[in-house]
Amino acid sequence: MSVIDTPALCDLAIIGGGAAGVLAAIGVLRGASGPLRLLVIEPNLPLARGVAYATTREEHVLNVPAAKMSGFPEQAEDFLDYLCDVQAFPAVPREQLASQFVPRRHYADYLRLRLQQALDASPAQLEILAVRVQALQPNDDGVLLTLDSGGSVLAARVILAVGNALRPLPARGAGSLPDSLRVEAWDYPALGGIAGSADVAIIGSGLSMTDAVATLQANGHRGRIHVLSRHALLPLPHAKGAAADYDPEPLLAMNLRQRLHALRAHAAEAAVRDIPWQSVMERIRPLGQRLWQTLSPDDQRRFLRHVVRYWDVHRHRIAAPVHAQLLELQQSGRLQLHRGRLETAVAEGACVCLGAQDRQRRPLQLEVQCVVNATGVEMRAQAMRNPLLQQLLGSGVGRPGPHGIGLDTAADGSLIDAEGRVESRIQVLGSLRIGSLWESLAIPELRGQAAAAAKQVLLPPPLREA
Ligand SMILES: Cc1cc2nc3c(=O)[nH]c(=O)nc-3n(C[C@H](O)[C@H](O)[C@H](O)COP(=O)(O)OP(=O)(O)OC[C@H]3O[C@@H](n4cnc5c(N)ncnc54)[C@H](O)[C@@H]3O)c2cc1C
């Protein structure tokens, strides 16, 4: 695996070397039957970190148990195998490790090892280009990529895996706050550098908020922690318990209201048998994409407007100890949860004054020494601050996905252009497909998409030989 600086012709360019891009690269290396030239373009090396797995902090744990984090559909316990092989936790027996939420940093190490192993056994060639792609234009010869280094690459096929973009802090004045007062939740070194005595406001109450709180705690933070979000719903915990055994298929034929009613009924029935509601949610986990796709467009809109926050806290759960820590902090009064909409953020000396409105439009003022933007993944295509996506949409090479979320893609992941034409030379992975699939963010979906994209790009017409 070599990092190159001379852009070139290649058979396949993978744009984005986060988890999804690396999983696709592994699939291509494993599936290649002849010499191919594969290029992974990723400005932030080493590979496989992306947003989620770039953290090296012990308190930032996976929100999925180790046994369910395999990168490969056909090897269900591969991540667990890896943890055991490298003796990441020598004192923990395998059966126990299977249900643990291990630090996320192990995941990037795992993917990089599997990438190297796939490369060693493959007739294909892998090169890495440490730049950002600025523009992408299909033509008769392939897909032309313009790089921020000034060069260009002509690729026969492209996998677009540019992943997650953080929403900007939704407040007037936020853009002009100095870095000393403002931290992005995914900037892990900056998060770790927040002064122990600082009063902190975290905007957003989802999974990135739990990362921020965990880091403050790990650093012995003594100040107050305010969490401000529009619904003030904290993520809920995973729970151990028997599996729910209801048949989820009938849900697919119901409208949104009927589905919610049926799920509540299943949870109530489960509770009578001492089965946690979490097991009821687990039962529909494999149906996530079909549940979305069988909702009418109107019901999808209703879901996005009225249900999504409640869905998120039930679906995207956190490890029980992380949840217990949040509750403990809340009960002690050190963490205060506020329901409201942030409106302004103004620096005043060493403080930042935040102005918000609660549900009754009453003003809420917070004065803190640091504000953390934990508003999460930006789903709206037009608002994503990635110049490549802006270029794709502006030039008509792509168009926004359903409800303006991500990019529009065909069932096989091919990009759809502004005229509705399917561009099968460009495969899209991950969160950009949320509008079409809804469930398209976590590893269980990414590994399936990456394997399918790898198969697709290896299909005839045969790729040009190196
Ligand atoms: C904080 C956090 C924790 C998570 N925890 C879990 C978990 O425990 N379990 C789970 O299953 N899922 C988890 N997820 C979901 C997570 O999004 C996926 O597991 C996975 O990391 C997504 O990978 P990705 O490659 O699609 O995107 P990213 O990780 O965002 O990677 C995209 C890459 O593309 C690169 N890129 C962007 N634009 C360009 C460009 N123009 N040119 C070249 N490169 C570009 C970026 O530098 C980045 O490295 C978590 C997500 C977050 C944000």
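I will start at the ligand: one of its oxygen atoms sits 2.9 Å from a polar backbone atom of alanine 20. That falls under polar contact, meaning a pair of N or O atoms within 3.5 Å; within protein, one must be able to donate a hydrogen and the other to accept it, and residues adjacent in sequence count only if both atoms are side-chain atoms.

Before going on, the basis. This is a predicted model, where local features need pLDDT of at least 70 and side-chain atom pairs count only at pLDDT 80 or more, while totals for chains, interfaces and linings use all residues. Residues are numbered from 1 along each chain as its sequence is written, and side-chain values use heavy atoms, with hydrogens and water left out.

Back to the ligand. For alanine 19, a polar backbone atom is 3.2 Å from a ligand oxygen. Glutamate 42 uses its side chain: an N or O atom there is 2.6 Å from an oxygen of the ligand. In total, 35 residues surround the ligand, counting a residue as near if one of its heavy atoms lies within 4 Å. The closest are Glu42, Tyr53, Asn63, Val133 and Ile443.

Next, the domains. The assignment, from an automatic or database source, gives domain 1 as 2-60 + 103-165 + 379-458, domain 2 as 174-236 + 318-373, and domain 3 as 249-315. The C-alpha centres of domain 1 and domain 3 are 31 Å apart. Their contact, heavy atoms within 4.5 Å, takes 12 residues from domain 1 and 13 residues from domain 3.

The area buried between these two is about 1,000 Å², and carbon and sulfur atoms give 53% of that. Buried area here is the accessible area (1.4 Å probe) that two parts lose on being put together, summed over both. On the domain 1 side, His403, Trp438 and Glu439 lose the most area to domain 3, together 63% of what that side buries.

Which salt bridges cross this interface? The rule, a side-chain nitrogen of Lys or Arg within 4 Å of a carboxyl oxygen of Asp or Glu, finds three between domain 1 and domain 3. Arginine 285 and glutamate 439 form a salt bridge, at 3.6 Å from N to O. Six residue pairs are in polar contact between domain 1 and domain 3, both residues at pLDDT 80 or more. On the domain 1 side, helix H13 (434-437) and helix H14 (443-458) are the elements giving two or more residues. H13 has the largest share, four residues. Helices (H or I, at least four residues) and strands (E, at least two) are DSSP runs, numbered from the N terminus.

Over the whole structure, the search gives 24 salt bridges. In one, arginine 317 meets glutamate 282, with the closest N and O atoms 2.9 Å apart. Arginine 317 is in the loop between helix H10 (297-315) and helix H11 (320-332) and glutamate 282 is in helix H8 (residues 277-284), so the pair ties together parts 35 residues apart in sequence.

Last, backbone geometry. Leucine 45 and proline 46 are joined by a cis peptide bond, with omega about 5 degrees. Proline 46 is in the loop between strand S3 (37-41) and helix H2 (78-85). Alanine 48 is also placed in the loop between S3 and H2, and has a positive phi of about 80 degrees although it is not a glycine.
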